[in-house]
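Colleague: Could you take a close look at one part of this model, the helix packing and the contacts around it, and go through it residue by residue?

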Amino acid sequence: MSRKDGPEDKYHGVGIIFFILGLGTLLPWNFFITAIPYFQYRLKTVEPEERFLIINDSDVRSASLNISEVQIEDKFNFNNWMTLLAQLPLLLCTLLNSFLYQCIPDKVRITGSMFAILGLFMITAILVKVEMSAQSFFDVTMTTIWFINAFCAILQGSLFGLLGLFPQNYSSLFLSGQGMAGTFAALAMLLSMSSGTDARTSALGYFVTPCIGTLISIACYLLLPRMNFAQYHLSKSNTKSPNTYELETKTELLNQEGNGEAAGQKKAVLLINEAESVAKGEGPQKVSICAVLRKIWMMALTIVIAFGVTLSVFPAITANVRSSTENETWGKFFNPVCCFLIFNVMDWAGRSLTSYVLWPGPDSKLLPVLALCRIIFIPLFMFCNLPNHNYLYVAFSNDAWFIVFMIFFSISNGYFVSLPMCLAPKKVLPHESEMTGAIMTFFLALGLSVGAGLSFLFKALL
């Protein structure tokens, strides 16, 4: 909540904007992984002329968007390479952003990244209509994935830093928007498959959708500084009077007295010291990466574990699970619904839970332990109905098992991803918020990269 003498967020406009910005940051990743069947079909090693004839055959109109109709060997190991090449630039550019934020204004970083993402999505949409060899398509797609995720890393890190200037519930709204991005992509895929148009047209419409979404995100970001509530909080990063620090410190002390949180009391003491230094004309303390990391290492470890477990099987393994039924219609929609739609809906639900529950707290050692318990899902998915097992067998052939596993897997992912991102700002001082956002985004990317690397190992063990 903002101070009582500050402006109100009329009609929840700023909250809606942060929700849309969260949606925009993960649209690229979700639209790429949801379209894995389309990419795998394009990578089928046949001549361009033959592929054109197959795709335009009315009997397989949706083949390029639904791989279950045509069994295709994953010669390029697309799932694993896509995941790895998406996360490596995310890791590198997130680290780079930790230094860039002091040199390049956030407005330049955020708007520049959004326009770059828009351009790369337009290229992806154009490629739907371009005929090329499987190898050339693979090379171009991987290059696009690399750069689009590099800009996403800069965008996400910058926005997390910006969120540190706003009340905690705005971080929850932003993370809920990120969770909704996957649901949005899955629904767009289902609409494309059900449209009845030829595969090329439906795929084109699918990839044009995130272009429109990115344009809306750009418009929302440009609108943000024009709103009184946002102006009030954004000004915190530029001006801090002694009176402001004193009032914030008193507010913090009152809040912690009511909640009885020892960690919050320690933070309030630090706020008093900082207020005193400002009053003496010393100015805010310089931000130390090591000092911030010492305060938030528990949350950083938790997010690495959570994403490491998730990306080790999703989508590299889960996207290949097949329905055990003989119903052709259900077989066609099984993976888009049971893998991608269920994951994203329940992941969004898990992220939204942090708006009501923040357990365990920022100082609890249970936080990383509970996140590590999710490792049980790795063998569970590996024993599901996957084709071409070499070493393992199918222990959970019924579709219901996969659905149940996916529900608990995704809701726990959303919660243990959102929880540390919400708790970390509570452990630091106001002037450390942007550095905290950059560091947490780096560890988020580290977790994704670890999971992407492990996906190669687990797929080889199948």
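Modeller: Isoleucine 33 is buried, with a relative accessible area of 0% (buried means under 20% relative accessible area, exposed over 50%, and partly exposed in between, using a 1.4 Å probe and protein chains only). This is a predicted model, in which local features need pLDDT of at least 70 and side-chain atom pairs count only at pLDDT 80 or more, while totals for chains, interfaces and linings use all residues. Residues are numbered from 1 along each chain as its sequence is written, and side-chain values use heavy atoms, with hydrogens and water left out.

Isoleucine 33 sits in helix 1 (helices are DSSP runs of H or I with at least four residues, strands runs of E with at least two, numbered from the N terminus).

Helix 1, residues 13–34, packs with helix 13, residues 328–352, at an angle of about 155 degrees, and the two axes are 13 Å apart (axes are lines fitted to C-alpha atoms, for helices over the stretch in contact, and angles run from 0 to 180 degrees between N-to-C directions). Helix 1 is therefore roughly antiparallel to helix 13 (angles under 35 degrees count as roughly parallel, over 145 as roughly antiparallel, 65 to 115 as roughly perpendicular, and the rest as oblique). The crossing of helix 1 and helix 13 is right-handed (right-handed if the near helix is turned clockwise from the far one by less than a right angle, left-handed if anticlockwise).

Aspartate 347 is buried at 3% relative accessible area, and arginine 351 is buried at 4%.

The count by this rule is two salt bridges. Lysine 295 pairs with glutamate 432, their closest N and O atoms being 2.9 Å apart. Because lysine 295 belongs to helix 12 (residues 289–313) and glutamate 432 to the loop between helix 16 (399–423) and helix 17 (433–460), the pair ties together parts that are 137 residues apart in sequence. Glutamate 432 is buried at 4% relative accessibility, whereas lysine 295 is partly exposed at 22%.

Helix 17 packs with helix 6 (residues 134–163) at an angle of about 140 degrees, with 7 Å between the axes. Helix 6 and helix 17 are thus oblique to each other, and their crossing is right-handed.

Serine 397 lies in the loop between helix 15 (377–382) and helix 16. Serine 397 is partly exposed, at 40% relative accessibility, and its C-alpha atom is 8.7 Å from that of leucine 386, 11 residues away along the chain.

On the surface, Tyr356, Val357, Trp359, Leu366 and Val369 form a nonpolar patch with about 560 Å² of accessible area together (patch residues have over 30% relative accessible area and no salt bridge; like charges are joined within 9 Å, and nonpolar side chains, Val, Leu, Ile, Met, Phe, Trp and Tyr, within 5 Å; areas come from the Shrake-Rupley method with a 1.4 Å probe, and for residues only the protein chains shown count as cover). Leucine 366 is in helix 14, residues 366–372, and is partly exposed at 41% relative accessibility.

Notes
Salt bridge = Lys/Arg side-chain N within 4 Å of Asp/Glu carboxyl O.
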